[in-house]
Amino acid sequence: MGQSKSQFSEEELQDYEDLTYFTKKEVLYAHQKFKALAPEKVGHNKNAKLPMSKILQYPELGVNPFGDRICKVFSSSHDGDCTFEDFLDMMSVFSDAAPKAVKAEHAFRIFDFDGDDMIGTSDLQQVVDRLIGSNHLSEAEMQHLIQKILEEADLDDDGALSFAEFEHIIDKSSDFASAFRIRL
Amino acid sequence: MEMGDIQLRRYSRPIFNVDNPNYGNQSNYNPKNKRATRNQDNLVYGDVVTDFVPDIQPSYLNYCHRTTSVHRNVFKLGDEPCNFRNVPFSLEHRKKWLFCSGYNTQKRSLQECADDIATCMELDDVLMNNSHESELLRREALRDMPQSLTVKRIIKKNLSFSVNKRTKEKPIGFFKGLQYTTSMKLSKVHTSLKSFAYSFELWYSSLKEIEGHFGSGVATYFKYFRWMFIMNCLIMLVALVFVVIPQLLYENFEVTTSTSKNLWFNWNIKPKTKNNATFQISDLFTGEGYFEDTVLFYGHYTNESVNLISTQWYSVPYAYFFTSVFIYVASFIVFSLSMAKSYRRSFIETQDGLKNNFAHKVFCGWDYSVATEKAANIKVSSLYTELKELLSESFQIVKHVPFLQQFYTVVLQFVCNVIVIFLLGGVGYMLWLLLNENTAHLSQSSSSIGVIIAVVINIIMLLFPLVFGFIVRYEDYKHPRAALYVTLLRTFLLKVVLVGTFLGFWLKQSTKQKCWETAIGQHIFRLILFDFFFSIVLTSVVEAVCYSIYTKLWRGIGAPTFDIARYTLQLLYNQTLFWVGFYFSPLLAVVVVIKLWLSWYIRRTCTLKFCKPYSKSWKAAQTQTLFLILSFLSLLLVIITLGYIVVDVKSSACGPMRNYTYMYELILKGIFQLEQHNVFWRILMYFTKPGAVALMLLAMCVVVYYLRAKAIAQKGIVDILRDMLVLEAKDKEFLLRTFSKVADQCNLPNEHKVYTMYENVTDIWSAEKCHYRNGNGNDCGSSTETSTTAEVDELQATEQSLQLLKENKPPKKHR
């Protein structure tokens with residue numbers, strides 16, 4: 001703890017505390033976790049940029065079917081490589097204290113594979129594919145499933161979910177906030 | 001509000017969509033722009049609706065601001081943490097700002113992006129004030145902004161720079177400055193408290209480990225466990241400080257008042273009053289013998305006051321009574337609040353959400369806290385099977401269940417319920433008989449009876465849930481969750497019946513005993529102790545045996561699963577016993593805390609070592625709410641029972657209340673020194689008259705009726721709004737179609753502004769109209785003729801919608 005403390009100035013810690021949902025201690029703890037991913041690199045430069053493969057060694061992200069998407073959404077260079085600040089941002093959004101709306105915002109971006117600001121049928125298909133892993137749904141089943149999701153969520157019938165529609169669905173789910181959470 | 005302008009922008013997004021086939025490709029669009037449109041959509045929608053339905057304005061605006069989550073705190077008019085002000089509605093600034101804080105465009109550097117956002121934010125006066133509120137607002141707006149932390153830091157630096165500059169230009173007054181600094185300090189204290197709490201977060205790593213292995217479902221049990229543990233710890237502290245320690249002081253020290261100069265150092269140790277029973281190991285399990293006359297039980301406490309400092313007196317009876325009352329009231333408040341919160345969150349707010357099975361499964365299906373390969377695989381396969389089930393359910397055409405079968409099911413369920421009621425009644429009666437029999441025969445040495453009864457109750461508690469599980473399998477409930485809830489409820493009833501019978505019996509016996517309060521304390525003590533052996537130790541041993549059979553001998557048995565419902569009910573039972581017993585034995589809190597502490601480690605190790613995760617997904621929030629409701633109910637029952645005891649059961653000749661016939665007289669006689677003619681007494685009497693009570697009940701009924709009517713009306717509004725949304729979408733789609741048709745015909749360039757297009761369109765439209773009219777009138781034999789009628793219809797509709805657009809189009813003419 002003492003070592004990582006020396007890597008940050010008080011001002012930086014204050015900044016992090018103001019800009020994330022963490023306290024200073026949690027920020028330091030997050031840095032420990034970050035450092036554990038690549039001790040040498042981070043020991044050298046506290047805000048080193050780690051490649052996505054390193055970030056995915058974090059256990060919760062590694063087994064997550066959307067691990068690479070998460071990295072990409074939070075990476076400031078949009079290629080999945082994360083600096084400590086990106087990592088901290090990620091952990092703060094996944095923490096208990098982050099409000100549901102912020103979580104929904106990021107979940108939307110994670111599910112929006114093609115980045116067109118709408119979750120369309122192709123996005124939905126990818127989400128389902130990743131969720132069921134090695135199992136397989138037949139084409140008809142997949143179509144039916146997507147149809148059903150759109151029926152439920154697509155309020156204005158334009159064949160894709162806008163953010164407002166997505167948030168509406170998330171708002172109605174009591175389990176989202178508890179599921180979309182990673183303990184630091 | 002310049003509605004027309006916005007309206008046009010609103011339509012501009014899909015029009016590009018039609019015009020530009022490459023729409024959606026990263027290379028070809030500017031996400032920033034689109035994000036802005038998205039946010040504007042919400043704003044526009046708010047405007048449109050508020051124009052249509054002026055009555056619903058506030059609630060609707062609220063909604064639309066919540067949906068612009070990026071800056072929800074700035075826009076939000078009510079609810080949640082930041083409701084300290086109303087925001088003036090200057091759309092222009094906001095639009096710009098929203099526009100800037102969308103996605104990062106890849107071409108620009110982070111610095112540029114941050115600068116842009118900062119410039120936009122600086123335009124907002126509300127944010128840039130030098131006051132605590134806008135400081136908080138700034139912080140929240142920044143924190144909730146979907147930007148990377150690096151960008152946020154730059155923005156923050158820029159903003160604080162410009163705020164400082166502003167302050168220098170226009171310094172704030174002394175009073176305001178004082179207010180500002182104090183509130184800043186307060187929020188600093190708050191964060192430091194938070195970080196203090198964080199460093200003491202109990203069993204953090206265990207929780208993380210369990211979550212990693214089993215997901216958040218099992219973790220809810222452990223979190224509930226931890227919550228109970230912390231609450232009991234607090235109760236223990238209060239009880240120790242206010243009741244037990246004064247009593248110990250009273251017993252062991254006395255103040256010699258003769259040398260009254262030095263108040264603190266003249267405590268003398270009293271000669272020990274001999275405890276005439278010798279300590280035996282078995283006393284640990286029965287709570288009798290040696291323990292009977294210790295601070296563990298009610299009977300031992302004195303009815304006198306402790307003389308702590310020569311002139312100050314500390315009355316043990318008052319302390320005893322009021323500490324207990326405080327603890328019950330405090331836990332009642334805590335439980336009812338958390339129940340209400342949880343209920344609101346998981347049932348009321350998400351009421352319409354229950355229909356969205358598929359969307360929930362897909363969007364909320366993955367449990368992000370899962371951290372091991374094994375758990376992830378289980379999660380994947382369970383998600384797969386659940387999706388499959390949902391699909392096959394939806395493929396099936398809803399079969400009409402024949403009337404006879406429906407009737408059969410109803411009768412079956414009815415019979416099963418009757419059987420269960422009889423079983424419960426039978427168990428209660430048997431217990432009563434058993435208690436009667438034993439006390440009649442062996443009224444002298446009661447220690448062995450107590451143990452036997454505790455064991456019997458625990459065995460019943462172990463076996464009956466199995467029987468209920470067996471019964472519910474034949475009841476043919478449509479949904480497995482219904483079956484789970486029914487079994488839970490029955491098990492809960494069983495526990496209520498058992499504890500109720502037990503308590504009722506001993507209360508009935510109260511007149512026959514020397515000190516019935518201590519006796520009840522002892523019985524509860526034994527129950528709690530044996531519950532530990534049965535529900536924690538025995539269950540763990542069974543799990544371990546099952547697991548070793550599974551790994552070494554026979555795979556068919558299957559690894560033991562972690563049964564969240566059963567374990568949570570056990571926890572609840574333990575807590576209920578504690579609540580019943582606490583009044584008669586303040587040190588029970590210590591016993592329960594030790595018990596819970598041990599059980600945590602046993603449970604955790606067993607779970608991690610032997611159990612396999614629950615293979616079905618667990619609706620954590622809702623079941624959690626159910627458990628909270630059950631705990632609340634049991635606490636309520638306990639409080640009612642204790643109220644009855646205090647008011648209507650004669651107290652015995654031991655313990656702190658031995659001077660009073662009924663315990664409640666302590667308050668009346670002691671505190672208020674009330675007599676019949678006191679004004680306060682008369683007012684109290686007046687309010688407890690049946691007429692007054694009836695009046696109050698009536699008033700409450702009226703309020704409930706009013707609230708209910710309001711809720712129904714709100715629901716109606718939601719339906720109307722939803723219909724309007726669909727209609728709007730249809731309108732939009734239709735307009736787009738006609739637009740694109742016209743645009744195709746005149747080959748407009750891709751990124752043409754809508755309003756110029758509008759002008760072109762009107763020209764073309766009038767030309768076309770002429771053409772069609774001419775065409776219709778003149779050469780009927782042409783090839784266009786077949787499609788004419790349809791197209792004319794469509795074009796007429798287009799004309800209408802264009803008219804609609806025209807009304808809104810020129811921003812300056814409007815209003």
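This is a predicted model: local features need pLDDT of at least 70, side-chain atom pairs count only at pLDDT 80 or more; totals for chains, interfaces and linings use all residues.
Residues are numbered from 1 along each chain as its sequence is written, chains are lettered from A and ligands numbered from 1 in the order in which they are written, and side-chain values use heavy atoms, with hydrogens and water left out.

In chain A, an unreviewed UniProt entry places the feature "domain: EF-hand" at residues 99-134 and 141-176 (positions are in the numbering used here, feature names are shortened, and annotations may be inferred rather than shown by experiment). Residues 99-134 of chain A are 67% helix and 0% strand (helices, H or I of at least four residues, and strands, E of at least two, are DSSP runs numbered from the N terminus). The end C-alpha atoms of this span lie 33 Å apart. Residues 141-176 of chain A are 64% helix and 0% strand, with end C-alpha atoms 25 Å apart.

In chain B, an unreviewed UniProt entry places the feature "transmembrane region" at several spans, including residues 407-435 and 484-507. Residues 407-435 of chain B are 100% helix, and their end C-alpha atoms are 42 Å apart. Residues 484-507 of chain B are also 100% helix, with end C-alpha atoms 34 Å apart.
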